[in-house]
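I opened my notebook to go through a protein model piece by piece. Here is what I looked up, in the order I did it.

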Amino acid sequence: MPRFVMIVEWGKTRDLGPDLERARAAMTFGGSGEHALELQRPGFGAVVLSHESELPALLAENCVLLAGGHGLPEEDDAAFVSTMAKWMRGAEVPVPRLRQRPLGRRCFARWDQAAGEVLVVTEPNGVAPLHLYADEARVVLATEPKGIWALVSGHLHPDADSLVDLFTVGECLGERTLFREVRALPPGAALRLRPGATEQRSWYEPRFSARTGGSVDAAAERMNAALTTILSVERQRRPRATVALSGGMDSRYLLAGARRVWDEVTTLTFGPPDSRDVVHAAEVARRVGVRHEYVPWSGADLSQWAPYGVWRSDGMQSCIHHHGMDALITRAGGMGLVLNGMGGDILTGAFLRPMYLLLPGSAERTVDTILSRYRLHYLAPQDVFKPEVLRERRSTTRASLLEVARRQPGDRLGNSLLGYWVRQHCPRLTSLGIELEAPFLEYATPLADPFFVDTMASLSLEQRFLGRAYRRALGSLLPEALKVACDRYGVAPHWPWPVLAVGGLVRRLGLVQRPRLRVSYTEGFRAPLRPWVRDLLLDPRTLADGFLLPKYVRALVEDHATQRADHAPELGMALALELWRRMFMAGETTLGRPPVPLPQPRAPLRLAGDGAFFSALSSPAGAGGRPS
């Protein structure tokens with residue numbers, strides 16, 4: 001998946017080569033199997049990393065267009081960005097609309113030498129993140145915050161609001177990152193950056209259907225048409241695919257679509273051998289008749305892999321989300337394109353409860369629901385964080401959530417929550433999981449493609465409830481996959497929705513024992529990982545220099561170890577924050593080295609422009625060109 005760091009220095013002509021090398025070193029620290037391209041011209045520089053044999057840049061006489069996320073920029077992308085530039089300048093052109101074709105998950109950045117400006121177009125739903133640092137002298141734009149940190153670390157400070165948000169709801173909210181001076185650009189936005197001026201406008205927001213009811217068969221047909229269209233485009237570039245098969249609905253659905261498009265499809269599953277999800281995945285693969293690789297995993301290696309995981313995710317994700325990265329990284333060479341079901345459960349309504357269909361939507365009700373159901377803990381910030389951290393706060397988690405929720409209103413609570421999950425949760429948490437393996441694997445996320453999201457926006461809440469349309473779509477493509485039990489429902493998904501509803505109610509009331517989670521660190525933090533947890537969190541340096549109150553940290557560690565409470569989620573976040581602090585604030589970057597040898601970064605191809613912009617690479621008449 002293309003990644004990049006772009007630097008623009010207004011009015012300066014110094015050599016940016018050393019800066020580009022530092023950015024590349026940070027982005028590929030620990031290893032990388034990507035191609036690397038360094039572009040430079042006085043005042044402009046970029047380092048681009050990609051698994052594609054053709055690198056994700058379109059070059060012309062006076063412009064360079066970079067794409068981040070997944071897939072190469074195409075000529076209609078250049079035309080789209082040019083129209084966006086005219087719209088941003090106030091020309092009489094309509095608001096650019098989402099193009100009705102598979103788009104991958106792409107964001108764009110264009111440096112226009114003649115106009116002396118940078119134009120940024122973010123991915124419609126934010127799942128190809130972009131991060132921005134800007135002051136009077138320069139702009140640094142990167143797909144990952146570490147690319148900015150590598151260049152301006154002396155100007156960066158921890159963001160107290162993000163620290164509290166992350167430790168309350170598990171993600172940085174809105175445009176915040178863990179660095180106060182680095183913005184996570186919002187989804188569906190366009191920015192025009194010039195010396196001393198920044199203009200920002202919203203160009204796209206998904207509109208989820210306000211209607212009720214509707215044909216489940218028609219919805220399933222639209223879903224399947226969108227999925228196979230997206231996968232057919234991927235098939236043109238990749239002769240084989242591997243489905244990351246978890247045993248859940250999303251990966252089953254991708255397997256069903258992949259079987260329609262590819263001749264060769266394999267699957268891979270990791271996890272504890274007694275996990276029901278792992279058992280279900282193996283049974284799905286057996287029934288479907290595809291080659292299946294199972295990687296046993298216990299979580300005992302977390303202490304070796306977590307620092308690298310924190311480095312790769314820029315600290316914005318709990319350590320417990322780093323599970324299994326080694327299973328994929330160490331097998332990356334022969335997997336081909338990996339299909340990941342990111343976003344499917346959200347779009348298809350897995351989070352829906354009956355009351356979400358009945359209650360009217362509002363930002364306040366959305367926030368109340370999130371804070372009542374998805375908190376890591378219920379302590380006040382002053383009982384968790386040191387006073388010197390809280391003195392730097394400028395907002396509250398509730399205020400931040402309200403700001404996010406108001407950007408995506410809905411007529412019913414279900415649609416309001418759907419907007420939050422698609423526009424906030426997926427971009428700021430779920431997509432970080434893909435960044436863990438980004439240097440080594442090429443991912444496609446068809447269920448997060450704007451083309452699929454836009455198709456799904458037309459479904460009513462009733463069609464989403466209990467996966468009604470989803471199960472119908474999967475049954476149409478691969479009926480065998482519906483006959484294997486799914487942990488989300490507790491039974492096989494081929495049963496009618498009333499049976500699934502009763503099953504879900506029985507589980508919520510505790511009338512039956514819930515199956516073992518596919519991944520759980522509750523016991524791991526008490527047994528094999530206990531020394532690592534204690535050594536890191538109760539180290540004198542952590543207690544003295546860390547963000548959390550020593551009294552809170554001691555109670556967290558001891559209460560969990562002695563089984564007085566289950567604090568696995570809070571411990572995972574505390575470990576991530578301390579590792580981030582040591583690496584990114586204290587400069588202990590060697591902590592982030594992976595525990596096994598991984599492919600080392602390739603030497604970059606360096607291209608410099610003088611006179612006509614990249615004239616040696618440009619096609620006649622200024623048409624775009626792409627280096628190979």
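**Ground rules.** I am working with a predicted model, where local features need pLDDT of at least 70, side-chain atom pairs count only at pLDDT 80 or more, and totals for chains, interfaces and linings use all residues. I number residues from 1 along each chain as its sequence is written, and side-chain values use heavy atoms, with hydrogens and water left out.

**Strand β14.** I started with β14, residues 265-271.

Ala241 has Val265 as its bridge partner, and Phe270 has Val295. I then followed the chain from β14 through helix α7 (residues 276-288) to β15, and this β-α-β crossover is right-handed. β13, helix α6 (residues 249-261) and β14 also make a right-handed β-α-β unit. Right-handed means that, with the strands pointing away from me, the path from the first strand over the helix to the second runs clockwise.

**Second largest pocket.** I noted about 390 Å³ of space in this pocket. A pocket is an open set of points on a 1 Å grid over the protein atoms alone, where a 1.4 Å probe fits, with protein on both sides within 12 Å along at least five of seven lines; lining residues have an atom within 4 Å of a point. Volume is the space filled by probe spheres set on the points, which are joined across faces, edges and corners. Of the 27 lining residues, Leu185, Pro186, Pro187, Arg407 and Arg423 are the closest to the centre. Helix α15 gives the most to the lining, with eight residues.

Most residues other than glycine have a negative phi, so I looked for exceptions. Asp314 has a phi near 55°, and Gln563 has one of about 65°. Are these two buried or exposed? Asp314 is buried at 2%, whereas Gln563 is exposed at 57%.

**Salt bridges.** I got a count of 54, taking a salt bridge as a side-chain nitrogen of Lys or Arg within 4 Å of a carboxyl oxygen of Asp or Glu. Glu144 and Lys146 make one, with their closest N and O atoms 2.8 Å apart. Glu144 is buried at 1%, and Lys146 is buried at 0%. Asp161 and Arg394 make another, at 3.7 Å from N to O. Asp161 is in helix α4 and Arg394 in the loop between α13 and α14, so the pair ties together parts 233 residues apart in sequence. Asp161 is buried at 3%, but Arg394 is exposed at 57%.

Notes: Buried means under 20% relative accessible area, exposed over 50%, partly exposed in between (1.4 Å probe, protein chains only). Helices (H or I, at least four residues) and strands (E, at least two) are DSSP runs, numbered from the N terminus. Two strands pair if DSSP finds at least two bridges between them.
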